[in-house]
Amino acid sequence: MPVISFANAKGGAGKTTAALLLATELAHQGFRVTVIDADPQRWITQWREASGPLHNIDVVSEVTVASLQCHLRELSSRTDFFIIDLAGARDALVTTAIGLSDHVMIPVQGSAMDAKGAAQILDLLSFLKEKANLTIPHSVVLTRVTSMVTTRAMVAIKGLLAARGVNVLSTPIGERIAFKELFETGGTLHTLDPQKVSNIDRARDNARAFADEVRRLMPMKVVRSGTARIFGFGRNAA
Ligand SMILES: Nc1ncnc2c1ncn2[C@@H]1O[C@H](COP(=O)(O)OP(=O)(O)OP(=O)(O)O)[C@@H](O)[C@H]1O
Ligand SMILES: [Mg+2]
């Protein structure tokens, strides 16, 4: 069961949103997903508490450097994908989570500050490779992309990353009301009310394309095993 973490040392890069989109889409597709909420701000935990019963998604809160590996070990038999949401930092928990990941996703917005936060994570990945001989696959996913901002900034960031040999997902995550709305209402793109949230079909298509591309990056084929797992309100597997 792959462990996918979302990291960018800068706050507000879109980590939690991208992590939640991936988690809810994989769960929708029938995979059992455990989200490890390793951000002390606990956005995913709050989303979970607002959501009521959900299929195939469990959230683990109160994660520490010491407990992270135990959570992964203890929950591995009932998890198809682990998704770790990290704080906008470069601290011991971020380093530990990255070290335990099969793939690190680095969300990047089209701004210079974000590129800096991403560079810090890329430096950390290089450090782990040099000092610990640990090669962790990683990709950048462009986030909050609007059609108006196909922009020079985006092209410049892509060029810089390509020069460093970094994989950039071909599916960007768009700037969408529906993605913001998930944190207000809880639930998933499939439980939001299309009468109240505009362009929900496009939002779903975007999340599906993103999740499908992430799945194709995984070294092993993950078999769907979820159908009947429904987790109740406010459950905490810690
Ligand atoms: N694709 C998107 N469409 C619309 N709004 C978005 C999108 N991605 C992020 N946002 C908004 O941008 C803000 C920051 O996003 P998010 O919380 O996902 O970033 P983060 O990297 O997890 O931040 P932090 O470092 O504080 O944990 C939030 O208000 C979120 O709703
Ligand atoms: Mg976050």
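This note sets out, point by point, the fold of the chain and the surroundings of its ligand.

1. Basis of the model. The structure is a predicted model, in which local features need pLDDT of at least 70 and side-chain atom pairs count only at pLDDT 80 or more, while totals for chains, interfaces and linings use all residues. Residues are numbered from 1 along each chain as its sequence is written, and chains are lettered from A and ligands numbered from 1 in the order in which they are written.

2. Overall content. The chain has eight helices and nine strands; helices (H or I, at least four residues) and strands (E, at least two) are DSSP runs, numbered from the N terminus. Of its 238 residues, 42% count as buried, a term that requires 20 or more other C-beta atoms, placed from the backbone, within 10 Å of the residue's own.

3. The sheet. Seven strands form an open sheet with parallel pairing, in the order β4-β2-β5-β1-β6-β7-β8. Two strands pair if DSSP finds at least two bridges between them. Strands of a sheet pair through backbone hydrogen bonds, either parallel or antiparallel. Because β4 (57-60) and β8 (167-168) each have a single partner strand, one side of each edge strand is left without a neighbour in the sheet.

4. Strand β2. Six of the six residues of β2 are buried, so this strand is largely enclosed by the rest of the structure. V33, V35 and D37 cover one side, and T34, I36 and A38 the other; all are buried. Strand β2 is joined in parallel to β4 by four bridges, with V33 partnered by I57. Six bridges join β2 to β5, also in parallel, and here I36 has I84 as its bridge partner.

5. Strands β6 and β7. Strand β6 (residues 103-108) runs parallel to β7 (residues 138-142), and five bridges join the two.

6. Helix α4 (residues 92-99) lies across β1 (3-6), β2 (33-38), β5 (81-86) and β6, and runs at about 160° to β5. Angles run from 0 to 180 degrees between N-to-C directions, and axes are lines fitted to C-alpha atoms, for helices over the stretch in contact. Two residues are in contact if their C-beta atoms, placed from the backbone, lie within 7 Å.

7. The ligand. Which residues are the closest to ligand 1? Of the 21 residues that surround ligand 1, the closest are G11, K15, T16, T17 and G88; a residue is counted if its C-beta atom, placed from the backbone, lies within 6 Å of the molecule. The elements giving two or more residues to this shell are α1 (15-28) and α7 (177-185).

Technical notes. A residue is buried if 20 or more other C-beta atoms lie within 10 Å of its own, exposed if 12 or fewer, and partly exposed in between; C-beta atoms are placed from the backbone.
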